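Visitor: Please show me the structure, and then take me through it a piece at a time.
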Amino acid sequence: MPQDLVLRFAPSPTGYLHVGGARTAIFNWLYARSSGGRFLLRIEDTDRARSTDEMTREILNGLRWLGVDWDNEPWIQSEHIARHRAECLRLFAEGKAYPCFCTQKELEAKRDVVGEGDRDTKYDRTCLHLSAQEREARLAAAMPYVLRFRVPEGETNFFDIVHDETVFRNEEIEDFVILRSDGTPMYMMAVVVDDHDMGVTHVIRGDDHLSNTPKQILLYEALGYEVPMFGHVPLILGADKKRLSKRHGATSVGEYQSRGLLPEALFNFLALMGWSPGDDREVMTREELVEAFDPRRILKKSSVFDEEKLAWMNGRHLRLLSDEELLSRLRPYRPESLDDVADGYLLQVLPLMRERMELLTDIFDKGMYFFTDPADYDETAARKHWTAPAVSVLERLQSSFAASDFTPQGLEDLVRRHAADAELAAGKVIHPLRLALTGGSQSPSLFDMMVVLGRDTCLRRIAAALERLTPSSP
């Protein structure tokens, strides 16, 4: 594989970095890093009405958060408009493009004549057939015009990294506009010129760009540029097998970051959306993904975005972090009400909650009982477990806890002994004790949790539960 391989990601700052774009960036980045090549970033901001500096910052921040770094400074497309325009005019001078004076109204009238049901509504080359004298007269009269690229006869074929040999009949491609009447270049032309000037050798992008590729290849050839290799990746679908969009839920990288996902987990998940390492591995580090990446294993079939699988994968990546690293990742998600909770205490909680966490926020959402006393109690659990016999044992346990060896084994022995004395199964005491301490029926190991909560907190919560809950019938 060549060492001078150059790939790029070219987002438009008209919106946030969505997961589809992030997946494209990741594939290009992996290809570049696995080959020893370069990965470049281009900001396609020529749509000045919709592009904003805020969106540019959001895109850059999203890529940095994912760990997708780039070589060189970002290429700002709007800074190269003069170059794009000059290449458009060169094509005109070489007879490969021609001025089109048709107004929008005239073009719409032509389409109406063809008929809405007819798919062949491409431009009919009216202005190509103007005489040289007529064309010069219109130019001299300063009539507004666009420049159209003259599509040659024949076929445009190329080898697609994903789809293999791909062929388009040129007769199905209309003479497309490359320069607007106000002198600004069209997207198609700007992309080709920029990719050439940036030295791009390979372009990996979504299937939605496939129809653009023959037009761009024709421009490369007309301009005398070397044509890069193309690869078109199937789109990401929602659960309903339709293209992923906001109706399916969160779609931007920033939304997943705010939810409590790890960047390495989202990176791993997106890398496997339409690509396979060739074995059964699912949880992979960036380094492992770089080592395994082969663009020939990009799948032709679209992938379905599975939120549950993403959460599972995030949980697996959480388990790869040390307690200290996990603690540092938690800081942005800590509620203000817990600002005074010491890091030392959190380091005691983390080993108990780690296996129950899928998101960084879970330690607070699912384990708030580590930080605050229960405000209420699960009614179903109370009806099932808070019985008169259990309450009687808990009342006796209060004094025993106050004087006991407050270790996991010591607490378990004490609870089991009191349960046996009352001729109850241990679970008949363990479940109501958990309810008193947490307000619910789910928690990590009860006795490990009690040690972390501490003797005073446990006694306070048991007393509160005994006062507030009414025993149900056994």
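Guide: A definition comes first: a charge sits over a ring if NZ of Lys or CZ of Arg is within 6 Å of the ring centre and within 35 degrees of the ring normal. The model is predicted, so local features need pLDDT of at least 70 and side-chain atom pairs count only at pLDDT 80 or more, while totals for chains, interfaces and linings use all residues. Residues are numbered from 1 along each chain as its sequence is written, and side-chain values use heavy atoms, with hydrogens and water left out.

Visitor: At what distance from the ring centre does Arg-286 lie over the face of Phe-267?
Guide: Another arginine, Arg-148, lies over the face of Tyr-123 at 3.9 Å from the ring centre. For Arg-286 over the face of Phe-267, the distance from the ring centre is 5.0 Å.

Visitor: How many aromatic pairs does a search of the whole structure find?
Guide: Rings of Phe, Tyr and Trp (its six-membered ring) pair if their centres lie within 6.5 Å; planes under 30 degrees apart count as stacked, over 60 as edge-to-face and the rest as tilted. By that rule, the number of aromatic pairs found in the whole structure is 14.

Visitor: What kind of pair do the rings of Phe-27 and Phe-293 make?
Guide: A pair of aromatic rings is described by the distance of the centres and the angle of the planes. Here the centres are 6.0 Å apart and the planes are at 45°, so the pair of Phe-27 and Phe-293 is tilted.

Visitor: How many residues apart in sequence are the parts that this pair, Phe-27 and Phe-293, ties together?
Guide: Helices (H or I, at least four residues) and strands (E, at least two) are DSSP runs, numbered from the N terminus. Phe-27 lies in helix H1 (residues 19-35), and Phe-293 in the loop between helix H10 (286-292) and strand S12 (303-304). The parts that the pair ties together are therefore apart in sequence by 266 residues.

Visitor: Does Phe-27 count as buried or exposed?
Guide: Buried means under 20% relative accessible area, exposed over 50%, and partly exposed in between (1.4 Å probe, protein chains only). Phe-293, at 7% relative accessibility, counts as buried. Phe-27 has 1% relative accessibility, so Phe-27 counts as buried.

Visitor: How do helix H3 and helix H7 lie to each other?
Guide: Helix H3 (residues 81-93) and helix H7 (residues 213-223) pack at an angle of about 70°, with their axes 11 Å apart. Axes are lines fitted to C-alpha atoms, for helices over the stretch in contact, and angles run from 0 to 180 degrees between N-to-C directions. Angles under 35 degrees count as roughly parallel, over 145 as roughly antiparallel, 65 to 115 as roughly perpendicular and the rest as oblique. H3 and H7 are therefore roughly perpendicular.

Visitor: Which residues of H7 make the contact with H3?
Guide: Contact means heavy atoms within 4.5 Å. On the H3 side the contact is made by Glu-87, Arg-90 and Leu-91. On the H7 side the residues are Leu-219, Ala-222 and Leu-223.

Visitor: How far apart in space are Asp-195 and Arg-8, C-alpha to C-alpha?
Guide: Asp-195 lies in helix H6 (residues 187-198), and at 1% relative accessibility Asp-195 counts as buried. The contacts of Asp-195, leaving aside neighbours within four places in sequence, include Arg-8 and Arg-42. Asp-195 and Arg-8 are 187 residues apart in sequence, and their C-alpha to C-alpha distance in space is 8.4 Å.

Visitor: How many of the 8 residues of helix H19 are buried?
Guide: Helix H19 (residues 446-453) is largely enclosed by the rest of the structure. Its buried residues include Leu-446 and Phe-447, and what covers them includes helix H13 (343-353) and helix H20 (455-468). Of the 8 residues of H19, the number buried is 6.
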